[in-house]
Amino acid sequence: MRPTASFRWPATLALAALATSFAPAHAGEVYGGIGLPGAMLGYAQPINSGFTLRGDFATLGSRSIDRDEEGIRYTGTGKLQRLGVFADWFVLGGGFRLTGGLTSNDASLKLTAGGNGASINIGGTTYPTTPADRLDVTIKYPSAMPYFGVGYGHQLSGTGLGFVLDFGVAVGKPKVTATTQGPSLGQVSQADLDRELQELRDGVASVKVLPQVSLGVSYRF
């Protein structure tokens, strides 16, 4: 049986309305910012007056590190960059929002304590060193971390310039690994190395979040 004209028209209109509801009905927005986690560039797409979807890339690049940790002098580099996808919920109908999302991270510290003839205390035991001895430590955050935050901006509005503000954290527990090499430090016991790793987990690696505190500008088409 063929559908009657009186049935076909309402069905066609319903399908058209459904398709339209999934199409981007609002202009997009590009934005940039500075702060933590560094310089940022992103794109936001409002869905309606209450929700916006967006993604961005942020980087601090690499930074040199020179610090004492648990009595050992470390030098090395730290790296922080991330890709993020986010959903913004404008709970009060204005520019204030709650934000949830997921970040893909390259965030790590690579530290080295080199032998220079002085002694190094590792896990409670003192080891003499030579120039060929070294202790290498890597502290690395998970490659994927959930994000929770609050902020202002990216809401559905007119065209032109705006500003954006974010406070939040990506949550994840860093992994700490260490290796030793050289005629003296190559003989460090596993028990001493495990104790040193635990001290690092309780110290420099005790921070289980990557913070975001950033301010930027946006342009809506």
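The structure is a predicted model, in which local features need pLDDT of at least 70 and side-chain atom pairs count only at pLDDT 80 or more, whereas totals for chains, interfaces and linings use all residues. Residues are numbered from 1 along each chain as its sequence is written, and side-chain values use heavy atoms, with hydrogens and water left out. The predictor's confidence in each residue is given as pLDDT, on a scale from 0 to 100. The chain has a mean pLDDT of 87, and 88% of its residues reach 70 or more. Where pLDDT is low, the predicted coordinates should not be read in detail.

The chain contains 2 helices and 12 strands, where helices (H or I, at least four residues) and strands (E, at least two) are DSSP runs numbered from the N terminus. Along the sequence, these elements follow the pattern α-β-β-β-β-β-β-β-β-β-β-β-α-β. Of the 221 residues of the chain, 36% count as buried; buried means under 20% relative accessible area, exposed over 50%, and partly exposed in between, with a 1.4 Å probe and protein chains only. Of the contacts with a separation of 6 or more, 66% come from residues 24 or more positions apart.

Strand β5 (residues 96-114) pairs with strand β4 (residues 72-89) in the antiparallel sense over 15 bridges, two strands being paired if DSSP finds at least two bridges between them. Within this pairing, glycine 76 stands opposite leucine 111 of β5. The two strands form a hairpin with 6 residues between them, and glycine 93 in the turn has a positive phi of about 85°. Strand β5 also pairs in the antiparallel sense with strand β9 (residues 144-152), over 9 bridges, with arginine 97 opposite glycine 151 in β9. A further 7 bridges join β5 to strand β8 (residues 134-140), again in an antiparallel arrangement, and here serine 108 stands opposite lysine 140.

The structure holds 4 aromatic pairs, and rings of Phe, Tyr and Trp (its six-membered ring) pair if their centres lie within 6.5 Å, with planes under 30 degrees apart counted as stacked, over 60 as edge-to-face and the rest as tilted. One of these pairs, phenylalanine 51 with tryptophan 89, is stacked, at 6.3 Å centre to centre and 5° between the planes. Phenylalanine 51 lies in strand β3 (residues 51-69) and tryptophan 89 in strand β4, so the pair ties together parts that are 38 residues apart in sequence. Phenylalanine 51 is partly exposed, with a relative accessible area of 41%, and tryptophan 89 is partly exposed at 44%. The rings of phenylalanine 86 and tyrosine 147 have their centres 5.1 Å apart and their planes at 75°, and the pair is therefore edge-to-face. Because phenylalanine 86 lies in strand β4 and tyrosine 147 in strand β9, this pair ties together parts that are 61 residues apart in sequence. Both phenylalanine 86 and tyrosine 147 are buried.

Glycine 162, in strand β10 (residues 160-171), is partly exposed at 29% relative accessibility. Not counting residues up to four places away in sequence, glycine 162 touches Gly216, Val217 and Ser218.

Methods
Contact means heavy atoms within 4.5 Å.
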